[in-house]
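Me: Could you walk me through a few of the labels used for this fold? I'd like to know what stands behind them.

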Amino acid sequence: MRRHADPPRIARLPQRAREGLVFAAVAVGAMAVLTMWWLDTPASSLADLGSKLTAAGRITGLLGTYLVLIEVVLMGRIAWLDRLIGMDRLAVWHRRNGEYAIWLLVAHTVLTIWGYAVADHTGVVHETGTVLLSYPDVLAATFALCLLIMIGVVSARAARRRLRFETWYFIHLYTYLAIALSFAHQLATGNDFIAHPANRILWVAFYVLSLGLLVTYRAVVPVRNAFRHRLRVASVVEEAPGVVSIYVTGRRLEELRAEAGQFFLWRFLTREGWWQAHPFSLSAVPNPEWLRIMVKTAGDFTAHLQSIPPGTRVIAEGPYGAFTEARRIRRRVLLVGGGVGIAPLRSLMESLSGRPGDITVLYRARRREDLAFREEIDALAQSRGARVHYLVGSRRKAANSFDPAALRTLVPKIASHDVYLCGPPAMKVQAIAGLRAAGVPRRHIHVEEFVL
C-alpha cells in the first residue's frame with residue numbers, strides 16, 4: 001500500500017477552520033476594496049439622492065468585479081487550494097460566488113444609471129443611451145455583463161442538465177472575454193481610479209494575481225507535466241456494457257503524488273478530443289507503472305473513448321480532489337457508490353487502512369451486468385475482510401435501499417462510520433437523506449464534485 005507524507009500542518013486543521021482561513025483571505029481583499037471606495041467618498045459628496053445612488057453603484061461595481069476575480073481563482077484548478085478545501089466545497093463556492101458577482105454587477109449598472117439620471121434631471125431611458133454611447137468603453141462593458149448573465153443562466157442546474165458538455169464548456173470560455181471587455185472602462189470611467197494612482201496599482205495587482213494563478217495552473221503546469229511524464233494510452237478494457245477501463249502509462253508517475261480517490265482532468269490528443277478536458281477518477285491505487293480510469297458512454301466524447309487507440313498521447317491535469325483518506329475521522333468506513341461513482345471507491349477500498357470489518361461497501365446498479373469491477377471488489381473484500389452489498393434493481397428499489405431502517409440493517413452501527421459517497425445526482429440525494437436520518441452527521445458524509 002502506498003504511503004504519503006503527512007499533509008502540511010494547515011491541511012490537518014478541521015475543515016471549518018481551513019475554510020475560515022480562506023474566507024478570511026477573501027474578506028481582507030474585500031475590505032481593501034471597501035477602503036478604497038471609502039477614502040474616495042467623503043460624506044459631503046453624498047448630499048443628494050443622485051450622488052447616493054451613484055456611490056452605491058460604484059461600491060457594487062467594485063465588489064462585483066472583485067468577486068469575478070475570485071471566481072477566476074476558484075475555477076483556476078489551483079492544486080494547493082483544492083487540497084486545502086476540497087473540490088466539493090470549491091464547487092459550491094464557485095456557484096454561489098458567481099451568483100453574487102452577477103447580482104452586484106447588475107445592481108452597479110442600474111444604480112449608476114439611475115444616479116446619473118437623477119443628477120441630470122432626465123429619464124432613465126435617455127440616460128441609459130447617453131451612458132452607453134458617450135462614456136469610454138461602457139458599451140463593451142455592457143456586452144461583458146450580458147455575457148456574464150448568459151453564463152449564469154446556463155450554469156443553473158436545470159439548464160446545465162439540458163446542455164451538451166461541449167456547449168456548456170464553450171459558453172463558459174466567454175468568462176475570459178467578459179473580463180477583458182470590462183477592464184478598460186473601469187480605469188477610464190471609475191472615479192476611484194482616474195485621480196488615484198495607488199488605487200489603480202492595487203486594482204491591476206488584483207487582476208495580475210488572479211489571472212496569473214489561472215495561467216500558471218491551467219496552462220503552464222499542465223504543459224510542463226505533459227513533457228515531464230509523456231502519458232500515453234496503454235490499453236482499453238471493457239468492464240461492463242458501455243463501460244471501459246483506460247490504462248495510461250508514462251514516465252515518473254510517482255512524481256504526480258496521486259492518491260486513491262482523486263481525479264485528473266484528462267485531455268486525449270486525438271482529432272476529436274484534443275480541445276477538451278474531462279474529469280475521471282482513478283479506479284485503482286496509482287503506481288509508478290500505470291494509472292487507470294473508468295469511462296462510461298454518456299455523450300460524444302465518452303463514446304469516442306470506448307475505442308481510443310493505444311499509443312494516443314494524453315495530458316492529465318491534477319491530481320485534484322480531497323476525496324481521500326485524509327478526510328477520514330472514524331475507524332469504520334462506509335463506501336457508497338453507483339454508476340461510474342464506483343471508480344474512486346474501488347481505489348479507496350484498496351488503499352484505506354483498517355482491520356477486518358472496518359470497511360463496508362454499498363454498490364448500486366440497475367442490472368447485475370452493470371456491476372463493473374465486481375471480481376476485483378470481491379477479491380478485495382476477501383483479502384481486506386470488508387463487507388460488500390450489491391444493491392441491484394430499479395430506482396424504486398434503490399430508494400428503498402437507502403431507507404434509514406434498511407441502512408441500519410445493512411450497516412450495523414452506521415452512525416459511527418465515515419461515509420464516502422459517489423454516484424449519480426439522484427442517488428446521492430437519496431443516500432444523503434437516508435444517511436442523515438440513520439444518524440450519520442453531515443460532516444462525516446464526504447461527497448466529491450468536479451469543477452472545470
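Me: Which residue is the bridge partner of V336 in β8?

Reply: In β8, V336 is partnered by L362. Before we go on, this is a predicted model, where local features need pLDDT of at least 70, side-chain atom pairs count only at pLDDT 80 or more, and totals for chains, interfaces and linings use all residues. Residues are numbered from 1 along each chain as its sequence is written, and side-chain values use heavy atoms, with hydrogens and water left out.

Me: What makes β7 and β8 a pair?

Reply: Strands pair if DSSP finds at least two bridges between them. Strand β7 (residues 332-338) and β8 are joined by 6 bridges, so they pair, and they run parallel. Strands here are DSSP runs of E with at least two residues, and helices are H or I runs of at least four, numbered from the N terminus.

Me: How do you know that V419 is buried?

Reply: Buried means under 20% relative accessible area, exposed over 50%, partly exposed in between (1.4 Å probe, protein chains only). V419 has 0% relative accessibility, so V419 counts as buried. V419 lies in strand β10 (residues 417-422).

Me: What does V419 touch?

Reply: Contact means heavy atoms within 4.5 Å. Leaving out residues up to four places away in sequence, V419 touches L334, V336, L435, V440, H444, I445 and H446.

Me: Why is β8 called mostly covered?

Reply: Of the 7 residues in strand β8 (residues 359-365), 7 are buried. I359, V361, Y363 and A365 point one way, while T360, L362 and R364 point the other way.
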